[in-house]
Amino acid sequence: GRQLLVKKRDWNGQLLSEKPYVICGVCWSPASVGTLSDRNSRQAEFAKWKDLDAQLMYEMKGNTVYTFLDFGTGSDTTTVLNYLYANNIMAIVTVDWDGANDTNRIQTIVNAYKNHPVILMWAIGNEWNINFFHQKFSTLDDAARANEAAARLIKGLDSNHPVVSIYGEIDIQPSQPLSKTKQIVNNICPSVDVWGLNIYRGDNFSNLFEQWQSITGKPMFFSEFGTDSYQTTSANYPIVGRV
């Protein structure tokens, strides 16, 4: 049904027994005061913050990080991957460079990381149904077809890890109703195994679980959720910013 079953890989390469995997964790994109927005600057922050952040994740009983960008391919990369795994933290890694549908980057990162036991899933896009892969495409259908092509590309490179696509709100009226999400999930993007949903409906999820169940049997997880502090000013809601 809607479970993700995982065979974790031990340090010695042996696959462990298959078990349901329940994601409990954080979006991880660390930055220091003054960190620049270029790729190298952002990636360098993972090594800088890994010790403190892993301790915080341990204290909250977290088991997963979802990153908006990859860890790079430099000298610190293996150190970061090893450190996460040693602290029982699996990684869902965005491989198309900050959700921009960079297919060259997909090939580089999947090939570089696919044999490391810390990898849980490969992620593509980030609310691409809203931003069309940061305006790379002009229509939703074009973006959806590019998303499917990226998923197929990843599966051709690595058959051992699921592919997750990070989607925005699944029911945007009137431009993207639930019926359109159903078409995308089932017909246009069948190669996606798991869907990550960024949901900002306030202090509850409303009828989201029933909506998802009505359109697909594939698993989903919350890649982001909360109250959008840019849209909600009422004191009745907790402030969970989209920073």
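Gln135 counts as exposed, with a relative accessibility of 61%; exposed means over 50% relative accessible area, buried under 20%, and partly exposed in between, computed with a 1.4 Å probe on protein chains only. The structure is a predicted model, in which local features need pLDDT of at least 70 and side-chain atom pairs count only at pLDDT 80 or more, while totals for chains, interfaces and linings use all residues. Residues are numbered from 1 along each chain as its sequence is written, and side-chain values use heavy atoms, with hydrogens and water left out.

Gln135 lies in helix α4 (residues 128-135). Helices (H or I, at least four residues) and strands (E, at least two) are taken as DSSP runs and numbered from the N terminus. Although Gln135 is not a glycine, its phi is positive, at about 65°. Most residues other than glycine have a negative phi, and most peptide bonds are trans. A positive phi, near 60°, is also found at Asn101, again a residue other than glycine. Asn101 is placed in the loop between β5 (90-94) and α3 (103-113). With a relative accessible area of 5%, Asn101 is buried. A cis peptide bond, with omega about 0°, joins Gln173 and Pro174. Pro174 belongs to the loop between β7 (163-167) and α6 (178-188).

Strand β6 (residues 119-124) is mostly covered, as six of its six residues are buried. Strands β5 and β6 run parallel and are joined by four bridges; two strands are said to pair if DSSP finds at least two bridges between them. Ile92 has Met121 in β6 as its bridge partner. From β5 the chain crosses through α3 to β6, and this β-α-β crossover is right-handed. The term right-handed applies if, with the strands pointing away from the viewer, the path from the first strand over the helix to the second runs clockwise. Strand β6 also pairs with β7 in the parallel sense, over three bridges. Here the bridge partner of Ile124 is Ser165 in β7. In a regular strand the side chains alternate between the two faces of the sheet.

The largest nonpolar core has 64 residues. A nonpolar core is a set of buried Ala, Val, Leu, Ile, Met, Phe, Trp, Tyr and Cys residues joined through side-chain atoms within 4.5 Å. The residues with the most contacts inside this largest core are Phe71, Val95, Trp128, Ile184 and Trp195. Helix α5 (residues 140-157) supplies the largest share of this core, eight residues.
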